[in-house]
Amino acid sequence: MQISTQYFQLGKAFSERTSPVPVAKPELLLFNKVLASELKIPYEQYDDETIAQYFSGNQIIKGFTPIAQAYSGHQFGHFNPQLGDGRAHLLGELTDTTGQIKDIQLKGSGVTQFSRRGDGRCALGPALREYIMSEAMFALGVPTTRCLAVVATGEQVYRERPYAGAVVTRVAASHIRVGTFQYFAARKDTESLNKLTHFAIARHFPEIEKEHESSQGKLSSEKVLTFFNAVAQKQIPLIISWMRVGFIHGVMNTDNTAISGETIDFGPCAMMNNYHRDTVFSSIDKYGRYAFGEQMTIMQWNMTRFAETLLPLVSDDEEQAVELMQPLLTKLHQNLTDNYMKMMAAKLGITNMTSEDHTLISALISLLEEQALDYTQTFVKLTQSTLDESLHHELKAVLGQWFELWQKRIAVDKTAAHALMAKNNPLVIPRNHHVESVLASCQESGDLSSLHALLSVLKQPYQQLEQTINYQDAPIDNDENYHTFCGT
Ligand code: AMP
Ligand code: MG
């Protein structure tokens, strides 16, 4: 195991050195052995009790130094200068088999100086939910943080009523957020901002380090701009793949925006059934700020806040710094729009997109909304229709002339169209009603077999396995009364 504590070594301004608060009776519920192997964790040497001690925070693996990271964030548009890890401990980093450095973080591991009035804990249901959702997202091909373990604490947490508690271990390319930069920018701590930027470049964009002469001193404005652009461009595949699979993050605050471009924080997330851009499930998102169809706009809003934090590093003259930054935001907008269209075209089996294809895509989106069609199922049927003509009648009935136009468009090479569609249209997604029913059954019985059954299907979302059919159905009420919550 290759352990490091690079973030801790950045110094006191960046984190609080603090230990997890021990839990009463740690019990290992889930352990991601494939991920553990990638992280070179010699888990075979340990029994489940020992692993539970390590990933509850009761014992610290030698070499780690637990810390709580400091960060700020815009929450629903309002800036909060003091957030930070209120119930999480970053143990340190592990270098994986490919040489990548990954953060290992416990969540639900007790209070820190950033806890405010919170209890520092996490309930079991949301911990299991994060495990299911992040594994599903990974298998769908979405950039995401992952879960290494879920350990029951043997203690109760109170969220209106008592629930079983748990600690979840999150693995991430890093936990550096837009909010981390905002923390120092808000304090006008340019020295720490400079240090954080150096660190982030070395960690996530070593190619920038190589390209621009590197030193630990003042960053060149060119280097800072290249860094900003790299972070912004990393958000494109992230949001585009959310749009591809119907994922609604639910709380795209800047403290939940990782500069690595990974999905982070699964608290109020949900999957869309019937296509509608206004779809929202989060109980606190009253105005639909983070609705399905707003996600591309919000990402750009978040990147604009990120750009603002870097202005002092770009130039002492703010006006000039803005002038240099602006084209990169324009480029982000353009690339995002282009990539969105490319992604939708791929869902329809179309390569070499023309402007007529834009019209075809927009027309389908209008139809999906007007007819309240299930997003996943419709694309699965369209995919199958390239091989199976018996589906044409049904599709023509709902999509009318559009279906014929599309048929004509892909007629040149239906085999190629099918291959492209099969890669881009999952057969199964982690449907809210299935995830919730599995969580309820696990919590009632203490038996995780239904969770493992669901996971085995979600791990191969582009393959029709024997059990896949059990999880493909849309909820009868379109999840009309389904609400999600923030507190993991
Ligand atoms: P989140 O909603 O998970 O993005 O968290 C937003 C902020 O609230 C972060 O600073 C968290 O660390 C903090 N927080 C959330 N839940 C708790 C809790 N139970 N105890 C302490 N801090 C919390
Ligand atoms: Mg968060």
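**Metal site, cores and salt bridges in a predicted model**

At 16% relative accessibility, Asp265 counts as buried, where buried stands for under 20% relative accessible area, exposed for over 50%, and partly exposed for values in between (1.4 Å probe, protein chains only). Asp265 (OD) and Asn256 (OD1) coordinate the magnesium ion, ligand 2, at 2.2 Å; donors are N, O and S atoms within 2.8 Å of the metal (3.2 Å for Na, K and Ca), and water is not among the atoms, so sites may look incomplete. Asn256 is likewise buried, since its relative accessible area is 10%.

The model is predicted, and local features therefore need pLDDT of at least 70 and side-chain atom pairs count only at pLDDT 80 or more, whereas totals for chains, interfaces and linings use all residues. Residues are numbered from 1 along each chain as its sequence is written, chains are lettered from A and ligands numbered from 1 in the order in which they are written, and side-chain values use heavy atoms, with hydrogens and water left out.

The largest nonpolar core comprises 120 residues, and those with the most contacts inside it are Phe181, Phe227, Phe228, Met303, Phe306, Leu382 and Trp402; such a core is a set of buried Ala, Val, Leu, Ile, Met, Phe, Trp, Tyr and Cys residues joined through side-chain atoms within 4.5 Å. Helix H8 (residues 221-245) gives the most to this core, contributing 14 residues; helices (H or I, at least four residues) and strands (E, at least two) are DSSP runs, numbered from the N terminus. A second, separate core of 22 residues includes Leu39, Ile61, Leu106 and Leu148. When residues up to four places away in sequence are not counted, Phe227 touches Phe181, Thr197, Ala200, Ile201, Phe205, Ile208, Ile259, Phe306 and Leu310, contact being defined as heavy atoms within 4.5 Å.

Ser241 is also found in helix H8 and is buried, with a relative accessible area of 5%. Leaving aside neighbours within four places in sequence, Ser241 is in contact with Val142 and Pro143; the C-alpha atoms of Ser241 and Pro143 are separated by 8.1 Å, although the two residues lie 98 residues apart along the chain.

The structure holds 15 salt bridges, each a side-chain nitrogen of Lys or Arg within 4 Å of a carboxyl oxygen of Asp or Glu. One of them joins the side chains of Asp85 and Arg177 (3.9 Å, N to O). This pair links distant parts of the chain, 92 residues apart, with Asp85 in the loop between strand E6 (78-80) and strand E7 (88-95) and Arg177 in the loop between strand E10 (161-172) and helix H5 (178-186); both Asp85 and Arg177 are buried. Asp96, which is buried at a relative accessible area of 7%, forms a salt bridge with Lys102, the closest N and O atoms being 3.5 Å apart. Lys107, Glu130 and Arg170 are linked in a network of salt bridges.

The side chains of Arg277 and Glu294 meet in a further salt bridge (3.0 Å, N to O). Both residues lie in the loop between strand E12 (270-271) and helix H9 (295-314), so the pair ties together parts that are 17 residues apart in sequence. Arg277 is partly exposed at 35% relative accessible area, and Glu294 counts as partly exposed at 26%.

Asp285 lies in the loop between E12 and H9. Asp285 is buried yet has no salt bridge, the nearest side chain of opposite charge, Arg289, being 6.8 Å away; here Lys and Arg count as positive and Asp and Glu as negative, while His and the chain ends are not counted.
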